[in-house]
Amino acid sequence: MGYDVHKLVEGRDLWLGGIKIDHSLGLLGHSDADVLIHAICDAILGAANMRDIGYHFPDTSEATLNMDSKIILKKTVELITEKGYHIGNIDATVCAERPKIIHRSAVRVREAPTIS
Ligand SMILES: [Zn+2]
């Protein structure tokens with residue numbers, strides 16, 4: 001189980017599941033702040049007993065500044081693959097009052113090739 005929270009602010013793009021969402025606010029963070037991908041990566045690392053996303057991709061590192069979270073996901077999968085693990089399924093829920101999430105199927109399609 002992974003969990004993540006980012007604050008909605010003005011002046012940032014809103015990325016969810018690797019998809020840029022058209023919205024007046026975006027998520028504040030060190031990377032692109034894709035909260036869905038971060039929670040998924042945290043779940044993957046935790047299930048493999050490989051600490052958490054903050055350990056592998058610290059928000060104090062220049063290397064992760066404004067990083068595309070799809071790269072974090074790709075590297076996370078590489079990390080667990082090196083240990084002999086693989087992903088069977090991922091079930092994720094985004095809790096947000098706004099914007100309405102209308103990209104459910106797009107997120108699912110987008111994530112599948114990345115982690116298989
Ligand atoms: Zn995050």
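Q: Which residues does His30 touch, not counting residues up to four places away in sequence?
A: His30 touches Asp59, Thr64 and Leu65 in this predicted model.

Q: How far apart are His30 and Leu65 in sequence and in space?
A: The two residues are separated by 35 residues in sequence, and their C-alpha atoms lie 5.3 Å apart.

Q: Why is His30 called partly exposed?
A: His30 has 16 other C-beta atoms within 10 Å. A buried residue needs 20 or more and an exposed one 12 or fewer, so His30, with 16, is partly exposed.

Q: Where is His30 found?
A: His30 belongs to the loop between β4 (26–27) and α1 (35–47).

Q: What makes α1 largely enclosed by the rest of the structure?
A: Eleven of its 13 residues are buried, so α1 is largely enclosed. Among them are Val35, Ile40, Cys41 and Leu45. The cover over the buried residues of α1 includes β2 (14–16), β4, α2 (53–56) and α3 (69–82).

Q: Why does the span of α1 agree with its 13 residues?
A: At 1.5 Å a residue, α1 should span 18 Å. Its end C-alpha atoms are 18 Å apart, so the two values agree.

Q: In what order do the elements of the protein chain run from the N terminus?
A: They run β-β-β-β-α-α-α-α, with four strands and four helices in the chain.

Conventions. Residues numbered from 1 in each chain as written. Predicted model: local features only at pLDDT ≥ 70, side-chain atom pairs only at ≥ 80, totals over all residues. Helix = DSSP H or I, 4+ residues; strand = E, 2+ residues; numbered from the N terminus. Contact = placed C-beta atoms within 7 Å. Expected span 1.5 Å × (residues − 1).
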